[in-house]
There are 4 protein chains.
Amino acid sequence: MLEDLKQEVYEANMRLPELGLVSFTWGNVSGVDREKGLYVIKPSGVPYDELKASDMVVVNLADGKVVEGDLNPSSDTPTHTYLYNHFPKIGGIVHTHSPWAVSFAAAKMDIPAMNTTHADTFYGDVPAADALTKEEIEADYEGNTGKTIVKTFNERGIDYEAVPAALVSQHGPFSWGPTPDKAVYNAKVLEVVAEEDYHTLQLTRANRELPQYLLDKHYLRKHGANAYYGQNNAKSKEHAARE
Amino acid sequence: MLEDLKQEVYEANMRLPELGLVSFTWGNVSGVDREKGLYVIKPSGVPYDELKASDMVVVNLADGKVVEGDLNPSSDTPTHTYLYNHFPKIGGIVHTHSPWAVSFAAAKMDIPAMNTTHADTFYGDVPAADALTKEEIEADYEGNTGKTIVKTFNERGIDYEAVPAALVSQHGPFSWGPTPDKAVYNAKVLEVVAEEDYHTLQLTRANRELPQYLLDKHYLRKHGANAYYGQNNAKSKEHAARE
Amino acid sequence: MLEDLKQEVYEANMRLPELGLVSFTWGNVSGVDREKGLYVIKPSGVPYDELKASDMVVVNLADGKVVEGDLNPSSDTPTHTYLYNHFPKIGGIVHTHSPWAVSFAAAKMDIPAMNTTHADTFYGDVPAADALTKEEIEADYEGNTGKTIVKTFNERGIDYEAVPAALVSQHGPFSWGPTPDKAVYNAKVLEVVAEEDYHTLQLTRANRELPQYLLDKHYLRKHGANAYYGQNNAKSKEHAARE
Amino acid sequence: MLEDLKQEVYEANMRLPELGLVSFTWGNVSGVDREKGLYVIKPSGVPYDELKASDMVVVNLADGKVVEGDLNPSSDTPTHTYLYNHFPKIGGIVHTHSPWAVSFAAAKMDIPAMNTTHADTFYGDVPAADALTKEEIEADYEGNTGKTIVKTFNERGIDYEAVPAALVSQHGPFSWGPTPDKAVYNAKVLEVVAEEDYHTLQLTRANRELPQYLLDKHYLRKHGANAYYGQNNAKSKEHAARE
């Protein structure tokens with residue numbers, strides 16, 4: 001069942017330790033098949049060096065229930081379910097505890113758009129969603145983790161396709177994208193720009209947010225109808241890499 | 001004598017350089033056999049690449065004297081003896097000079113509970129125990145190093161099973177756990193959260209300690225009767241990993 | 001066509017990930033043949049582990065148009081064209097998003113000459129060129145990126161051979177040198193001294209710029225007619241390495 | 001000539017990149033034969049991956065002139081000569097541009113004794129020697145680099161055997177020891193404690209210098225007649241490692 005997607009999600013999970021985004025097993029990736037109404041996610045607490053593609057768990061998109069799999073799915077499964085249902089164009093989701101992003105999440109601070117590395121991937125600040133209230137935590141912690149992200153994007157009018165990541169305050173980063181692989185790429189870019197922003201903020205507390213026209217230039221030369229990066233003939237295709 | 005435990009303690013020691021927790025030979029791990037009243041500890045000053053399981057030294061829990069072994073035990077042996085005798089439920093102890101934890105120890109600052117990575121392992125701040133007085137240092141330095149840790153936990157009412165680590169001010173970290181391997185895991189988590197806390201504290205000096213209900217949620221979904229992490233049927237079992 | 005130069009430029013590009021200067025494909029190197037009026041540059045968006053010497057693109061120095069190559073050249077090609085035409089003695093150019101240099105660029109701060117590691121390679125501060133205006137970005141972003149660098153060197157009276165690097169504010173570092181390989185070397189030195197300067201600036205905000213006579217001593221014992229470093233008989237030759 | 005010492009100095013040089021203390025060729029190690037009045041030093045500007053034991057250059061201790069060797073000696077040779085002649089009990093010297101030590105040197109700040117990792121190797125603050133004056137630089141730069149170190153130790157009454165390292169302000173670290181290998185060990189410890197001190201100083205500006213009695217305890221349990229570390233029968237022997 002969904003063997004290709006399992007393989008894709010498995011490989012995306014394995015990239016997390018390769019990219020230095022996880023210690024131990026502190027991360028998970030999922031990928032969705034919208035037509036079948038199913039998604040595939042890493043099992044809970046299995047070390048990366050023991051993980052197999054066949055361990056991936058299949059979950060029903062509509063109700064978040066396990067459809068296939070011998071192992072328990074990630075305990076963050078309700079967060080993934082919520083995000084897939086409220087961000088209808090995403091194909092993959094990543095959660096990590098990568099340390100620079102966690103440092104900003106703990107500070108309850110956005111990762112501001114302060115350089116073009118950021119603008120190439122994120123079309124504006126990556127928001128720090130509100131920490132959950134006591135009631136939200138006790139009622140449905142993991143589901144409400146998805147909810148605070150979606151609420152933040154709605155309230156602040158952020159386009160989730162153009163800013164494919166968020167921090168959950170006091171907790172850590174989530175990222176997403178059209179595929180699991182792109183979601184992992186976005187998780188890595190987030191970690192890189194978090195580190196850079198941290199250092200920039202220590203060098204100066206002057207306002208160093210990018211002007212809108214520079215954000216426009218860098219984001220739009222890589223994304224959308226007028227993109228001119230990379231080797232694809234179809235300019236509107238998104239490219240995983242930039243030079 | 002205690003060959004299995006020697007092997008287990010040896011392997012735990014070898015994980016310290018693998019996890020980036022030690023330079024040179026600056027660390028030691030021990031493991032206890034409570035029934036026999038003996039524990040096994042790394043010898044003093046032997047480089048990791050020369051270390052063998054058979055080099056491990058067996059120590060009497062009651063008086064801290066060497067029972068078996070051709071080599072001198074770690075000079076921190078009296079600290080291990082003290083901790084085993086005053087924290088009766090622990091099975092393994094780790095001491096390192098890991099640099100982020102040392103930086104907090106030198107500052108005489110607790111490692112505060114500021115994110116969920118912390119809360120998954122430590123159910124509250126990791127305390128900085130008082131530095132030893134001149135008298136304590138001169139009378140019994142290594143023994144009193146254990147004593148200041150135990151005193152701090154008692155005075156501040158901290159449960160040593162729920163917060164399985166401490167800093168000794170001006171010196172460095174100690175951690176423990178039900179097994180030597182878990183104690184090493186806790187040493188690594190401590191180093192990770194020390195690094196994250198450092199950066200969070202530079203980003204903001206606003207109070208970013210976790211509220212109790214978030215500490216409860218994260219700690220208790222992994223520990224105790226209602227834990228729901230990982231793959232074990234017995235929910236009350238502790239899991240080394242989290243997703 | 002220009003097979004030797006393609007190989008040289010290819011090898012210089014491959015050193016960027018080896019030296020830790022790029023994540024993904026975020027960097028490019030070019031090298032020029034002044035006699036033929038052509039230069040060779042990395043193609044756009046090709047991952048380093050798939051890159052081949054034969055992928056290198058040949059560009060006309062006079063008008064920046066592609067002369068040979070199946071792939072699109074780096075989208076930063078107009079920057080390279082501008083720099084080669086205005087810095088007539090350079091033989092190679094490097095652009096990266098190396099994180100310490102980016103942190104200074106985002107802060108719009110020069111990388112000041114604060115230690116002898118800096119003075120061995122850069123004969124003064126590495127300037128942060130002005131960020132581009134809205135008009136400059138919209139008219140010719142990549143070309144004007146070269147223009148702001150050249151303008152900064154002219155206005156501040158900096159010798160581009162003696163200070164072979166610049167930051168573009170809000171964006172990142174460019175470096176150059178007599179060969180592509182030397183330009184890569186300069187990119188790495190820039191990243192190292194950016195990291196060191198960052199830490200020095202956090203330790204003290206006292207003025208710690210090097211005095212001119214120390215700059216003179218270190219720069220001139222390695223460069224120019226009276227250099228006495230390394231193993232070459234011809235003292236005036238530049239040496240890639242220092243002891 | 002001095003083949004064993006050449007091999008020993010060669011191996012000590014090769015440890016510098018292994019321990020992460022040098023980029024490129026920015027470091028050198030020497031070792032002395034006091035009886036013969038000769039010392040052996042790395043040649044100038046030779047990359048580590050091309051270096052051979054037979055490349056080592058033999059220098060006369062009395063006048064600093066080359067006695068044997070086809071290659072130019074390190075350009076820092078006059079510094080080594082000065083230090084050997086004024087610190088008569090040392091057997092090896094190391095110079096690097098290791099980045100944390102350089103950051104303190106550029107700030108003209110001592111590396112203070114703030115934790116026991118420091119006290120195990122350095123019996124007090126590692127001093128930042130005065131930067132050289134214009135006259136000193138122009139007259140004999142490398143020789144006067146040795147002189148400012150010795151002057152600092154004399155003026156501040158520091159025992160060079162008990163504090164086997166110094167910073168030269170605006171430049172970088174030098175370390176030494178009874179053997180070349182011990183001098184390399186001391187260079188690494190210096191870099192580690194520089195990093196730790198940096199972070200401690202950012203966490204608090206309260207005075208966190210170690211009290212004398214803690215310095216005494218840690219330094220003297222490893223050095224001198226009453227040392228009790230490691231495996232040697234002769235307690236007074238110095239041990240390279242600590243547990």
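This is a predicted model: local features need pLDDT of at least 70, side-chain atom pairs count only at pLDDT 80 or more; totals for chains, interfaces and linings use all residues.

Student: Against what do the buried residues of α7(C) pack?

Tutor: They pack against α4 (116-119) of chain C together with α5 (134-155) of chain D. The buried residues in question, in helix α7 (residues 212-220) of chain C, are C:L214, C:L215, C:K217, C:H218 and C:Y219.

Student: Which residues are buried in helix α7 of chain B, and what covers them?

Tutor: In α7 (residues 212-220) of chain B, the buried residues are B:L214, B:L215, B:K217, B:H218 and B:Y219. Their cover includes α5 (134-155) of chain A together with α4 (116-119) of chain B.

Student: What makes B:T81 a buried residue?

Tutor: The relative accessible area of B:T81 is 10%. The term buried requires a value under 20%, so B:T81 qualifies. This residue belongs to helix α2 (residues 77-86) of chain B. Leaving aside residues up to four places away in sequence, B:T81 touches B:Y39, B:L61 and B:G64.

Student: Why is the pair of B:F24 and B:W26 called tilted?

Tutor: The ring centres of B:F24 and B:W26 are 5.6 Å apart, with 50° between the planes.

Student: How many aromatic pairs does the structure hold, and which residues of chain A form one aromatic cluster?

Tutor: There are 36 aromatic pairs over all chains. The cluster consists of A:F87, A:F153, A:Y160 and A:W176.

Student: What makes C:D76 and A:R221 a salt bridge?

Tutor: Their side chains meet with an N to O distance of 3.9 Å. Two salt bridges are found across the interface of chain A and chain C. That interface also has 16 residue pairs in polar contact.

Student: Which helices of chain A supply at least two residues each to the side that touches chain C?

Tutor: They are α4 (116-119), α6 (180-203) and α7 (212-220) of chain A. Of these, α6(A) gives the largest share, 10 residues. By class, this side of chain A has 14 nonpolar, 10 polar and 10 charged residues. The contact as a whole takes 34 residues from chain A and 39 residues from chain C, and the buried area is about 3,200 Å², with 56% from carbon and sulfur atoms.

Student: How do you know that B:R221 and A:E142 form a salt bridge?

Tutor: Their closest N and O atoms are 2.3 Å apart. This value is within 4 Å, and the pair joins an Arg to a Glu, so the term applies. The rule finds two salt bridges across the interface of chain B and chain A. There, 34 residues of chain B are in contact with 39 residues of chain A, and about 3,200 Å² is buried between these chains.

Student: What distance separates the nearest C-alpha atoms of chain B and chain C?

Tutor: These atoms are 11 Å apart, and chain B and chain C do not touch. Likewise, no contact joins chain A and chain D, whose closest C-alpha atoms lie 11 Å apart.

Note on methods
Residues are numbered from 1 along each chain as its sequence is written. Chains are lettered from A and ligands numbered from 1 in the order in which they are written. Side-chain values use heavy atoms; hydrogens and water are left out. Contact means heavy atoms within 4.5 Å. Buried area is the accessible area (1.4 Å probe) that two parts lose on being put together, summed over both. A polar contact is a pair of N or O atoms within 3.5 Å; within protein, one must be able to donate a hydrogen and the other to accept it, and residues adjacent in sequence count only if both atoms are side-chain atoms. Helices (H or I, at least four residues) and strands (E, at least two) are DSSP runs, numbered from the N terminus. Ala, Val, Leu, Ile, Met, Phe, Trp, Tyr, Cys and Pro count as nonpolar, Asp, Glu, Lys and Arg as charged, and the others, Gly among them, as polar. Buried means under 20% relative accessible area, exposed over 50%, partly exposed in between (1.4 Å probe, protein chains only). Rings of Phe, Tyr and Trp (its six-membered ring) pair if their centres lie within 6.5 Å; planes under 30 degrees apart count as stacked, over 60 as edge-to-face and the rest as tilted.
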